[in-house]
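Welcome! Please take a moment to look over the sequence and the model, and then let us walk through them together.

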Amino acid sequence: MDKILVFTDIHITKPGQTIIGLDPAARFAQGLAHALHHHADAKAIIITGDLTHYGSRTEYRRLKDILADCPLPVHLMLGNHDRRAGFHEVFGGPEGFVQFRLDFGEHTLLCLDTKDDDAPDHHSGYLCATRLTWLDQQIKEAKGRIVTVLCHHPPHDVGFPGMDSIKIRNGRALLARGNGFDQLICGHVHRTIMGHIDGLSFAMLKSPCHQAPLDFDDTETASSIDEPGAYGVLCLMPKGVVVHTEDFTLPDQATILDGASGTSS
Ligand SMILES: [Fe+2]
């Protein structure tokens, strides 16, 4: 089994700037340290977008500093809060869409760029013909393997009117390709959500920092709540993918207890 650590929506700000009173850089650094301590055997880290809050060079440089001593390979993706120019200036890489394929044993992870630079609402995602062609080609090449697609925006509603208004606008295009892959992993909503829709299994992961409230009447797109920060652990199994989520800001349990007897194990 290979483990992959997944962070999403880390929203790094410039020093001194907080989001609902939380310091995103401190939270990400805390989560990264926790993940590296408890999952040192992981093969890689993927961060599925909203690397920064405003897409500034200062924010990307701050992220680069936090990652400088990370012993694992780190793969960065973009979200609606990111800006391509600042990202490329600090992290390099070819111009154009930030999407790539990672292979681990029998597993293929397809990291798909859903950021829309021209979104009329500034935050929804879109899959243009170029990206869909890339996805189709990758799915074709990965035929017979266990395929997971990771992207920032979900392609479908989750029941929050505000966040549903800024999903992938043509998400049907991704769902329609669902028989070509086995699992979808998203961020964007800042909440742990999982399910099965249109024949596709999906999981959305929390931010290490600020979360979305569980409010099915919320028409806002930026409502946030200070619930525990988290990261995901993908376990790439021989027959499929298991998605774990770890709330790393909860108090450490010094002793693991036996829940049946109430005694220490
Ligand atoms: Fe976000």
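## A guided look at the model

Cys186 has Met204 in β9 as its bridge partner. This is a predicted model, in which local features need pLDDT of at least 70, side-chain atom pairs count only at pLDDT 80 or more, and totals for chains, interfaces and linings use all residues. Residues are numbered from 1 along each chain as its sequence is written, and side-chain values use heavy atoms, with hydrogens and water left out.

Let us stay with the strands for a moment. Helices (H or I, at least four residues) and strands (E, at least two) are DSSP runs, numbered from the N terminus, and two strands pair if DSSP finds at least two bridges between them. Strand β7 (residues 183-186) runs parallel to β9, and 4 bridges join them. Strand β8 (residues 193-197) is also paired with β9, in the antiparallel sense and over 5 bridges. There, Met194 stands opposite Ala203 of β9. The hairpin of β8 and β9 has 2 residues between the strands, and in it Asp198 takes a positive phi near 50°.

Is β9 enclosed or open? Strand β9 (residues 200-204) has 4 of its 5 residues buried, so the rest of the structure largely encloses it. Here buried means under 20% relative accessible area, exposed over 50% and partly exposed in between, with a 1.4 Å probe and protein chains only.

Now for the metal. The iron ion has four protein donors, Asp9 (OD), His11 (NE2), Asp50 (OD) and His190 (NE2), at 2.1 to 2.3 Å. Donors are N, O and S atoms within 2.8 Å of the metal (3.2 Å for Na, K and Ca); water is not among the atoms, so sites may look incomplete. Along the chain, the donors follow the spacing D-x1-H-x38-D-x139-H. His11, in the loop between β1 (2-7) and α1 (24-38), and Asp50, in the loop between β2 (44-48) and α2 (57-67), are 39 residues apart, and the pair links distant parts of the chain. His11 is buried at a relative accessible area of 2%, and Asp50 is buried at 1%.

Next comes the interior. A nonpolar core is a set of buried Ala, Val, Leu, Ile, Met, Phe, Trp, Tyr and Cys residues joined through side-chain atoms within 4.5 Å. The largest one has 44 residues, and Ile4, Phe7, Phe28 and Leu150 have the most contacts inside it. Strand β10 (residues 230-236) gives the most to this core, with 5 residues. Another core, of 27 residues, lies apart from it and includes Trp134 and Leu175.

Finally, the rings. Rings of Phe, Tyr and Trp (its six-membered ring) pair if their centres lie within 6.5 Å; planes under 30 degrees apart count as stacked, over 60 as edge-to-face and the rest as tilted. The structure holds 7 aromatic pairs, including these two:

| Pair | Centre to centre | Angle of planes | Type |
|---|---|---|---|
| Tyr60 and Phe91 | 6.4 Å | 90° | edge-to-face |
| Tyr231 and Phe248 | 6.0 Å | 25° | stacked |

Tyr60 lies in helix α2 and Phe91 in helix α3 (residues 84-91), so their pair ties together parts 31 residues apart in sequence. Tyr60 is buried at 0% relative accessible area, whereas Phe91 is partly exposed at 25%.
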